[in-house]
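Student: I'd like to go through this one and ask what backs up each label. Can we start with the ground rules for the words?

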Amino acid sequence: MDLSAFDFELPDECIATRPAEPRDSCRLLCVNGDQITDRVFWDIGTELREGDLLIANDTRVVPALLFGVRPARDEQSSDVDVQINLVAQMDDAVWKCFGRPGRRLRPDDVIEFPAGLRGRILEKLPTGELVLEFSPKGEGFWSAVEAVGKMPIPPYIAKMRPTDSKDHEDYQTVFADRAGSVAAPTAGLHFTDALIKQLGERCIGFERVTLHVGAGTFAGLSEESFKSGKLHEEWCEISEDVTRKIAECKAYGGRVIAVGTTSLRTLESLADGQGGVLAESRDTDIFIQPGYKFQVVDGLITNFHLPKSSLFMLVSALMGTDVMQSAYAHAIKSGYKFYSYGDASLLMPRHD
């Protein structure tokens, strides 16, 4: 497979640096088979059917950007300002992190943050990442991080503007519940409580799974991943209740529509081989490319993705590469906004 098939030109002005206000007023590109329609997100219910079931990701984004100080080691040295990005939780208050300036940090260094939060470097990995043990632990850790952490907005937005207090609300879904992500499941950002209620009144279900989004979501598609067919690992979980709701939806002829690629990857990772899903939790490194046979998902709500990315390959697997190239060309020409704070698409493949 040639990665150039998933490339396209994207002007910088198409990249959104702020979300639409209100959330559900963004534009919605509906792709049904090969038919393209321009809508507004708050009208998404008219594109769905009674008995359809939306599955969203309820992960909560950790304000994972921390600023602290590594005190001077001796009288000849000085304090060092440090930036820490939480990447993945390894144990209670033990995290894999990115740290700057990396050259001036080493094992056993202690970094002091506001609100009484401290971190000790346990290990410096060959990849350059740090393993930090924080204190306090438990609820004290989470309270301190919520108090002093900054939202880790995507790097392509951070190049255009710094993170600010508005991102603490904008970069979190209204149904976020289980803390553990360092990036938002961005398709869910378009939903409001009122819209979810309105969908319920139309007999369209709205359930939740969990996948904690890792920093790898911002990384470009590596040659190793492309060749191996595996992505970075992320932890996901589906409850018994959601497993039952999906089985009921399928039994009555409804469609299961993933809200975001993280929800889709969770559903397909825990597929039971019979059209349903398993009630389990596990790590997944699933990499969905054209040729993949979808087992659970009938449609997808998602934002617009980077060229030559694993996510553009995923939507191409669902809809067909030619269809998605045409849809993205239409979106760019029509002024849709791309990436995390951008507009949305509803992708419904034709079923023969």
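Tutor: Buried means under 20% relative accessible area, exposed over 50%, and partly exposed in between (1.4 Å probe, protein chains only). Helices (H or I, at least four residues) and strands (E, at least two) are DSSP runs, numbered from the N terminus. This is a predicted model, where local features need pLDDT of at least 70 and side-chain atom pairs count only at pLDDT 80 or more, while totals for chains, interfaces and linings use all residues. Residues are numbered from 1 along each chain as its sequence is written, and side-chain values use heavy atoms, without hydrogens and water.

Student: Why is Q172 called buried?

Tutor: Its relative accessibility is 7%, and the cut-off is under 20%, so Q172 counts as buried.

Student: Which residues does Q172 touch, leaving aside neighbours within four places in sequence?

Tutor: With contact meaning heavy atoms within 4.5 Å, Q172 touches R23, T59, R60, V61, M151 and L189. Q172 itself sits in the loop between α3 (165-170) and β11 (178-181).

Student: Which residues are buried in helix α4?

Tutor: In α4 (residues 193-201) those are L195, I196 and L199. They span an arc of only 100° around the axis, so they lie on the same side of α4; the arc is taken from the directions from the helix axis to the C-beta atoms. D193, A194, K197 and E201, on the other side, are exposed.

Student: What do the buried residues of α4 pack against?

Tutor: β3 (53-57) and β12 (205-211).
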